[in-house]
Amino acid sequence: MNDQVSHSGQVDHLQLICERDLADRWWKSIRTLQRWRTTGYGPAFIRLGGSIHYRLGDILDFETRMRRGGGGRR
């Protein structure tokens, strides 16, 4: 999935991402995302009607928090 970029070159952090697209982005099942939501893990989500969506900015923030250092031994 490509992040939406505006004409100014900025990523649209308010863009909504559906549950399926997030599952594909992270190579996880929808069931995993559902389980995470019930335990309070993962990025904040928005329920619109019967659908779950995530703001791109919340996804990027969560990915940054989960990032581990790459300074391993050689």
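## The cavity

W26, L33, W36, R37, Y41, G42, P43 and Y54 line the largest cavity. This is a predicted model. The largest cavity holds about 40 Å³ of space. A search of the whole structure finds one cavity of 30 Å³ or more.

Which helix gives the most to the lining? Helix α2 (residues 30–39) does, with three residues. By class, the lining has six nonpolar residues, one polar and one charged.

## The aromatic rings

A pair of aromatic rings is described by the distance of the centres and the angle of the planes. The count here comes to four aromatic pairs. One of them is W26 with W36: the ring centres lie 6.1 Å apart and the planes meet at 50°, so the pair is tilted. This pair links distant parts of the chain, with W26 in helix α1 and W36 in helix α2, ten residues apart.

Is W26 buried or exposed? Its relative accessibility is 16%, so W26 counts as buried. W36 is buried too, with a relative accessible area of 18%.

W26 also forms a tilted pair with F62, at 5.5 Å centre to centre and 35° between the planes. Here helix α1 is linked to helix α3, across 36 residues. Both W26 and F62 are buried. Together, W26, W36, Y41 and F62 form one aromatic cluster.

In helix α3 (residues 56–66), the buried residues are L56, G57, D58, I59, L60 and F62. They pack against β1 (16–18), α1 (19–26) and β3 (51–55).

R37, from the cavity lining, has its charged end over the ring of F45, 5.5 Å from the ring's centre.

Conventions:
Residues numbered from 1 in each chain as written. Predicted model: local features only at pLDDT ≥ 70, side-chain atom pairs only at ≥ 80, totals over all residues. Heavy atoms only, no water. 1 Å grid on protein atoms, 1.4 Å probe; cavity = no way out; pocket = protein on both sides within 12 Å on 5 of 7 lines; lining within 4 Å. Points joined across faces, edges and corners; volume = space filled by probe spheres on them. Helix = DSSP H or I, 4+ residues; strand = E, 2+ residues; numbered from the N terminus. Nonpolar A, V, L, I, M, F, W, Y, C, P; charged D, E, K, R; others polar. Buried < 20%, exposed > 50% of the residue type's maximum accessible area, 1.4 Å probe, protein only. Contact = heavy atoms within 4.5 Å. Phe/Tyr/Trp six-rings, centres within 6.5 Å; stacked < 30°, edge-to-face > 60°. Lys NZ or Arg CZ within 6 Å of the ring centre and 35° of its normal.
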